[in-house]
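Subject: Structure handover and notes

Dear colleague,

I am passing on the structure we spoke about, and my notes on it follow below. Please read them with the structure open beside you.

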Amino acid sequence: MTTTAATPDITVAAWPGCAPRLLRDGVEDCAGYLAGGGYGALPGAEEFLGEVERSGLFGRGGAAFPLAVKMRSVRAAAARHGREAVVVANGEEGEPASIKDRWLLRNRPHLVLDGLRLAASAVAATRAYVYVSDPAAARSVEQALAELDADVLGGLPISVFAVDAGYVAGEETAAVRAINGGPAKPTDKPPRPYQRGVAQRPTLVSNVETLANLPYLQRHGAAAFRSAGTASSPGTFLATVSGGGVPPVLYELPHGVAVSELLDLHGIPLDQVRGMLMGGYFAGLLNREALAVTLDHETLRAGGSGLGCGAMAVLTDDCPVAVAASVLAYFGRENAGQCGSCFNGTAAMAAVAEALRDGSATAQEVERLQRWAGLLPGRGACGTLDGATNVATSLLIRFPESVADHLADACATCRGGAFRAERPYAVEEVPA
């Protein structure tokens with residue numbers, strides 16, 4: 001396992017036997033990136049779109065949507081309406097449990113910019129943005145842009161657009177709305193950005209890690225890309241692993257790695273694992289059955305969970321009821337305040353979860369929590385409410401004994417001091 005300090009608090013590591021594609025030692029400047037074959041001649045748009053399609057590259061921001069489908073939709077909309085497209089590299093990363101996009105922007109900005117120009121060329125975009133909330137990431141990208149000769153980007157103007165950090169600020173319609181001069185809050189869909197986005201033009205909003213895979217794909221091709229991972233979840237992905245009393249690590253993993261193997265490498269004894277918070281906060285909780293899971297989209301979806309942004313928090317000493325209460329309270333604070341179902345629903349679920357944590361909830365209140373978790377998904381403009389219901393549902397289904405203990409005010413863990421966190425399992429780092 002090779003490691004390097006991205007910041008004083010964060011270690012990055014490659015998976016044994018899998019050559020890293022995204023992680024590397026140190027901060028990479030333009031000369032180093034060019035020496036490694038970066039910023040090669042732009043390929044033909046159709047040729048490259050075909051390669052992206054064959055690669056099976058899914059978005060790494062959370063939704064795991066096929067990138068080729070998204071790119072073709074933007075390109076087709078631009079041609080159909082006679083409007084030039086826009087590409088946005090989404091590095092806002094409002095998920096507190098994740099560090100991957102900030103790491104890439106701070107340490108490998110040229111890899112991200114190269115991916116951005118490849119995406120722009122493929123969808124015939126004439127304008128591009130790097131959308132961030134981390135000041136150190138913004139400075140890194142600005143410095144990288146200053147290192148580039150104008151012809152390297154093929155005349156593509158790229159701007160850094162900075163917003164205040166927030167859970168909802170990274171949603172794609174929030175990014176478009178902010179760049180258009182509004183607040184960084186989601187809007188109703190349709191229209192989606194590929195239909196009408198920045199300056200009312202067809203817009204590709206793609207996660208920073210997703211775009212960072214494109215230079216590898218250009219240089220090595222789809223077959224090489226698929227040489228790591230599984231048939232349905234090809235390639236590698238960046239995983240932020242935190243919790244369990246072990247310092248957080250950013251790993252580059254091939255899809256299909258077993259959770260048990262990852263935690264063994266991470267240094268957490270498997271007999272101490274109580275469960276996991278998956279996909280950042282969005283995909284909810286897993287119990288000890290997580291130890292039998294492999295990290296790929298098909299396996300996690302089949303088990304009612306998800307890989308999301310690749311962030312995983314391990315529960316060892318913490319009570320899952322208390323963890324769920326902290327996460328739901330976070331959703332209650334961080335919702336955009338625009339949709340009544342989300343504003344009221346997250347607050348109501350958080351109130352029940354906190355009462356349950358504190359031993360004051362009734363069985364009727366827990367029944368209401370279960371009912372809300374079943375009725376509320378899909379009712380908000382973004383995924384915040386869905387994330388909250390995932391947490392509530394997974395708590396009730398996967399940890400019924402813990403729920404029963406709290407209804408009886410008999411949780412031995414919480415008697416010693418319940419887990420309470422403003423930003424649960426947040427990966428905090430010293431600003432670069």
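To begin with the arrangement of the domains, the C-alpha centres of domain 1 and domain 3 lie 34 Å apart. The bounds, which come from an automatic or database domain assignment, divide the protein chain into domain 1 (21-226), domain 2 (236-315) and domain 3 (320-408). Twelve residues of domain 1 are in contact with nine residues of domain 3, where contact means heavy atoms within 4.5 Å.

Some notes on how to read the values: this is a predicted model, in which local features need pLDDT of at least 70 and side-chain atom pairs count only at pLDDT 80 or more, whereas totals for chains, interfaces and linings use all residues. Residues are numbered from 1 along each chain as its sequence is written, and side-chain values use heavy atoms, with hydrogens and water left out.

The pLDDT, which is the predictor's confidence in each residue on a scale from 0 to 100, averages 94 over the protein chain, and 97% of the residues score at least 70.

Five of the five residues of strand 11 are buried, so the strand is largely enclosed by the rest of the structure; buried means under 20% relative accessible area, exposed means over 50%, and partly exposed lies in between, with a 1.4 Å probe and protein chains only. Ala311, Ala313 and Leu315 point one way from strand 11, while Met312 and Val314 point the other way. Strand 11 runs parallel to strand 7 (residues 236-243), to which four bridges join it, and Ala311 is the bridge partner of Thr240. With strand 9 (residues 275-278) the pairing is antiparallel, again over four bridges, and here Ala313 is the partner of Leu277. Two strands are taken to pair if DSSP finds at least two bridges between them.

Helix 6 (residues 135-147) has 13 residues and reaches 19 Å from its first C-alpha to its last, close to the 18 Å expected at 1.5 Å a residue, the expected span being 1.5 Å times one less than the number of residues. Its buried residues are Ala136, Ala137, Ala138, Ser140, Val141, Ala144 and Leu145. What covers them includes helix 4 (100-107), helix 5 (109-122), strand 4 (125-132) and strand 5 (158-162).

On the cysteines, the count of disulfides comes to zero, a disulfide being a pair of cysteine sulfur atoms within 2.5 Å. The sulfur of Cys342 is 5.9 Å from the closest cysteine sulfur, in Cys382, which is too far for a bond. Cys342 is buried at 7% relative accessibility, and Cys30 is likewise buried, with a relative accessible area of 7%.

Ser206, in strand 6 (residues 203-207), has a relative accessible area of 3% and touches Leu67, Val88, Ala89, Asn90 and Leu211, not counting residues up to four places away in sequence.

Most residues other than glycine have a negative phi, and most peptide bonds are trans. The peptide bond from Lys189 to Pro190 is cis, with omega near 0°, and a cis peptide bond also joins Pro190 and Pro191, with omega about 0°. Pro190 is found in the loop between helix 7 (172-179) and strand 6. Asp409, which is not a glycine, has a positive phi of about 50°; it sits in the loop between helix 16 (400-407) and helix 17 (412-415) and is partly exposed, with a relative accessible area of 45%. Tyr425, also not a glycine, has a positive phi of about 55°; it lies in the segment after helix 17 and counts as buried at 11% relative accessibility.

With best wishes

Note on methods. Helices (H or I, at least four residues) and strands (E, at least two) are DSSP runs, numbered from the N terminus.
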